[in-house]
Amino acid sequence: MQNDPDATGAASSPPARRDFLKQGCAACLAVAAVGAPAVVGTRVFLDPLTRLKTVETFVKVTTVDTLPEDGTPMQFPVLADRRDAWTKFTQVPIGAVFLQRQSKDKLLALSVVCPHAGCFVDYEEEKQGFLCPCHNSLFTKDGKLKEEQSPSPRPLDTLEVQVRNKNEVWVRYQDFQLGITEKKPVA
Ligand code: FES
């Protein structure tokens with residue numbers, strides 16, 4: 001029988017490559033099998049962090065005696081407790097609100113968020129109203145649209161406000177959907 005080293009080499013090389021490829025594919029599948037659940041698991045693990053929920057509905061914002069008696073709106077941060085699946089975060093900022101006295105016993109609370117695309121409006125004393133710096137929507141002092149052709153599709157969003165214990169101002173802070181004429185809370 002003839003012993004041809006070239007023939008032996010030619011015969012053994014392809015199975016070696018096949019083995020190598022098989023091992024490589026097995027390794028890829030193993031990584032995919034372990035990696036995919038790991039990625040999904042990480043997302044499931046982190047997901048509650050991205051879904052913080054506000055614990056309270058009404059939050060104490062300030063006291064009545066801090067508000068100017070002439071009705072000038074003042075901006076206040078809104079702090080509230082929030083929680084995810086595991087942790088409660090106390091007194092974190094969730095937004096801001098403009099408060100003003102409309103009469104001795106009546107307060108008005110307006111969201112600072114422009115209903116057009118969500119920029120924060122500023123109160124302009126000389127204009128006696130609110131201006132959105134992003135696309136120049138103008139609102140009256142009580143939040144109504146100043147111009148018919150306004151980028152904002154609706155007035156500023158009012159928020160429920162209560163006076164508790166004679167002096168505490170509590171606001172029910174909510175986010176509303178942007179870019180629509182109706183005032184609809186974000187689900
Ligand atoms: S975001 Fe206010 S006018 Fe566009």
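**View 1. A patch of negative charge on the surface of the predicted model.** Four residues gather here: Glu 69, Asp 70, Glu 125 and Glu 126. Glu 69 sits in the loop that runs between strand 2 (58–63) and strand 3 (74–83). Its relative accessibility is 71%, over the 50% cut-off, so Glu 69 counts as exposed.

**View 2. The largest nonpolar core.** This core holds 30 residues. Val 61, Val 97, Leu 99, Val 121, Phe 130 and Val 171 touch the most other members. Strand 2, strand 3, strand 4 (88–101), strand 5 (107–111) and strand 10 (168–172) each give two or more residues. Strand 4 supplies the largest share, five residues. Across the chain of 187 residues, 29% are buried.

**View 3. The salt bridge between Lys 88 and Asp 81.** The two side chains meet at 3.8 Å, N to O. Lys 88 is exposed, at 52% relative accessibility. Asp 81 is buried, at 12%.

**View 4. The salt bridge between Glu 124 and Lys 127.** The closest N and O atoms are 3.6 Å apart. Glu 124 has a relative accessible area of 17% and is buried. Lys 127 is partly exposed, at 36%.

**View 5. The salt bridge between Arg 172 and Glu 160.** Here the closest N and O atoms lie 3.0 Å apart. Arg 172 belongs to strand 10 and Glu 160 to strand 9 (residues 160–164), so the pair ties together parts that are 12 residues apart in sequence. Both residues are partly exposed: Arg 172 at 27% relative accessibility, Glu 160 at 43%. The count of salt bridges comes to five.

Key:
Residues numbered from 1 in each chain as written. Predicted model: local features only at pLDDT ≥ 70, side-chain atom pairs only at ≥ 80, totals over all residues. Heavy atoms only, no water. Patch = residues over 30% accessible without salt bridge, like charges linked within 9 Å, V, L, I, M, F, W, Y side chains within 5 Å. Areas by Shrake-Rupley, 256 points an atom, 1.4 Å probe, with all protein chains shown as cover. Lys, Arg positive; Asp, Glu negative; His and termini not counted. Charge placed at Lys NZ, Arg CZ, Asp CG, Glu CD. Helix = DSSP H or I, 4+ residues; strand = E, 2+ residues; numbered from the N terminus. Buried < 20%, exposed > 50% of the residue type's maximum accessible area, 1.4 Å probe, protein only. Core = buried A, V, L, I, M, F, W, Y, C linked by side-chain atoms within 4.5 Å.
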